[in-house]
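Please open the model in your viewer and keep the selection panel at hand. The stops below go from one selection to the next.

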Amino acid sequence: MYYVPDGTTKCGYYECEDCGERFLSLHTEPSITCPGCGEDLDWEIGLDEEMPTVRETAKLIQIVEGAEEVEKMDMLLSLAITGGDYEWI
């Protein structure tokens with residue numbers, strides 16, 4: 001699968017408040033760090049710079065349960081990313 005490993009039976013469906021990306025995660029907490037926004041942080045700091053803060057901007061929309069439901073949701077979200085090319089599935 002695209003977002004979660006094959007055979008996953010429970011995952012969280014999240015939307016980032018900053019970038020608007022929707023994704024699946026193995027986490028089911030109310031909020032987590034967005035994988036897209038969190039990668040943008042520059043961890044190399046100089047002497048006069050402050051450490052960047054990691055913000056939890058992705059909010060849980062729903063918990064997806066059941067292997068078939070997780071697979072279906074993963075497939076639908078991945079089609080949006082791949083532009084409708086489902087040949088890789």
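**Cysteines**

Begin by selecting the cysteines: a search of the whole structure finds zero disulfides, a disulfide being a pair of cysteine sulfur atoms within 2.5 Å. Cys-34, for instance, is in no disulfide, and the nearest cysteine sulfur, that of Cys-16, is 3.8 Å away. Cys-34 counts as buried at 1% relative accessibility, where buried means under 20% relative accessible area, exposed over 50%, and partly exposed in between, with a 1.4 Å probe and protein chains only. Cys-11 is likewise buried, with a relative accessible area of 0%.

A note on what you are viewing: this is a predicted model, in which local features need pLDDT of at least 70 and side-chain atom pairs count only at pLDDT 80 or more, whereas totals for chains, interfaces and linings use all residues. Residues are numbered from 1 along each chain as its sequence is written, and side-chain values use heavy atoms, with hydrogens and water left out.

**The sheet**

Switch to a cartoon view and look for four strands, which form an open sheet in the order β2-β1-β4-β3 with antiparallel pairing. Strands here are DSSP runs of E with at least two residues, numbered from the N terminus, and two of them pair if DSSP finds at least two bridges between them. At the edges stand β2 and β3 (31–32), each with a single partner strand, so one side of each has no neighbour in the sheet.

Now select residues 10–16, strand β1, together with residues 22–25, strand β2, which pair in the antiparallel sense over four bridges. These two strands form a hairpin with five residues between them, and Gly-20 in the turn has a positive phi of about 85°. Along the pairing, Glu-15 has Arg-22 of β2 as its bridge partner, while the bridge partner of Tyr-14 in β2 is Phe-23.

**Aromatic rings**

Next, show the aromatic side chains, among which the count comes to two aromatic pairs; rings of Phe, Tyr and Trp (its six-membered ring) pair if their centres lie within 6.5 Å, and planes under 30 degrees apart count as stacked, over 60 as edge-to-face and the rest as tilted. Tyr-14 and Phe-23 have ring centres 5.8 Å apart and planes at 15°, so this pair is stacked, and both residues are buried. Finally, select Tyr-2 and Tyr-3, whose ring centres are 5.1 Å apart with planes at 75°, so the pair is edge-to-face; Tyr-2 counts as partly exposed at 39% relative accessibility.
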